[in-house]
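Subject: Structure handover

Hello,

Here is the structure I said I would pass on. My notes on it follow below.

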Amino acid sequence: MKTHEREVYAFFNKKFSSFALYEGLSGGDFVPYQVSARFRTRELDKKFIADLRKWLTGFQLNTDPNDFQFLREIKEGQRLSLICKILHICEVAEKEWIIYVWDGTDAPSKKIQTKMTDEMDNPLPLQLEKEPLPRDVLCTFPSAGSVLMVVLGEGNKNLGLGFLKTGIWLNFLNIICEVHAGLWRGVLMPFTKLRYVPREFRYVLGCQRCYEERLSEKWGRMPWSCFPSPSTVTEVDHDRAPLVTLRDVLSYSEVTAKFKCVMRVVAAFPCEAENFLSPAGTYRVRLTIEDPTARVHAFLYAEDGENFFDGRPSTSVLKRRMNKLLGLNEDDDSKGTEYTERDPPWVFCCLKSYYLNEGDVWGSRRYRIFDTKLVG
């Protein structure tokens, strides 16, 4: 046992130390799920493990719940203490780990700082990872609540995270949160500490209870940032349809379906209203939409575009309405060539999914906006 900066820790020496890892309360036997090469089991170990499990039954962390922050309370650049459930862990490259964590709440929406004209050559990313998560992984995630991507910061690259397991709750003490392209990510710094949290801890039970209550409510899937209600910039034809999150849309069991969401439009391509119509006179616009659970591309095409824009209004009217939808000043006439800070409004929207290739229906799945009107 050693001390470092007034804290006690155990030091493992490969020459003579050994260890074994056992299941906690959920364990019913005395077989370790991981051991070191030198470990040899003893009969006395069974008593130690049984006593530890008995002690854990009534154990509570000696901390004040106010010492922790929910994902809905995170702030950029500050040291935070988060308690989250690990949903997925992957090693994307040698010594490059990503952890996906969740607590059932929505991370704050952030303002978008881009040039609108960048959408052609440098569009807003749909995720911060190089590749999106496989659909079979995404389908295991909860319907609502932000999932925070956590990475290793500089100076911490040699920390292996293979010992972590999905499904456990972890306290990330002194984690730093950053925003890139309007998307949050957590960074494990050299001063960050990881602490296991029992599933029976009152804070964890509270997170799970609040999430279950959220799903049972009519407006439970609405982003918390838009309460008490979304903007009236758009109108939809399906008032009684249930709300879903974009994660619900992405993980839906059928390729083709229709949905109603509350989302915001963070980018449009083309960005010039005069280019929304093709030379043949057909609307074709790609919108980048997001909610606290995902960011996707959604297309306005042909008759759905006619309905969205209420026919073919003048270019000045189109520009004014799109400015409002994108969080710009209605009279902004910058042509999208300057960096602007935008805070798009939350709006109702109807989406329908379709596919382009019968040989790869899931890989070619796309989304179109329909039965939605921009009223500005």
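Helix α6 itself covers residues 315-326; helices (H or I, at least four residues) and strands (E, at least two) are DSSP runs, numbered from the N terminus. From first C-alpha to last, the twelve residues of α6 reach 16 Å, close to the expected 16 Å, where the expected span is 1.5 Å times one less than the number of residues. Leu318, Arg321, Met322, Asn323, Leu325 and Leu326 are the buried residues of α6; buried means under 20% relative accessible area with a 1.4 Å probe, protein chains only.

This is a predicted model, in which local features need pLDDT of at least 70 and side-chain atom pairs count only at pLDDT 80 or more, while totals for chains, interfaces and linings use all residues. Residues are numbered from 1 along each chain as its sequence is written, and side-chain values use heavy atoms, with hydrogens and water left out.

In soluble globular proteins, nonpolar side chains tend to be buried together.

On cysteines: a disulfide is a pair of cysteine sulfur atoms within 2.5 Å, and the count here comes to zero. For Cys207, the nearest cysteine sulfur is that of Cys210, 7.0 Å away. Cys207 is buried, with a relative accessible area of 3%. For Cys226, the nearest is that of Cys261, 12 Å away. Cys226 is buried too, at 5%.

Last, the second largest pocket. A pocket is an open set of points on a 1 Å grid over the protein atoms alone, with protein on both sides within 12 Å along at least five of seven lines, and lining residues have an atom within 4 Å of a point. Its space is about 1200 Å³, a volume being the space filled by probe spheres set on the points, which are joined across faces, edges and corners. Of the 41 lining residues, Leu126, Gln127, Leu250, Ala294 and Arg295 are the closest to the centre of this pocket. β15 gives the most to the lining, with five residues.

Regards

Conventions: Buried < 20%, exposed > 50% of the residue type's maximum accessible area, 1.4 Å probe, protein only. 1 Å grid on protein atoms, 1.4 Å probe; cavity = no way out; pocket = protein on both sides within 12 Å on 5 of 7 lines; lining within 4 Å.
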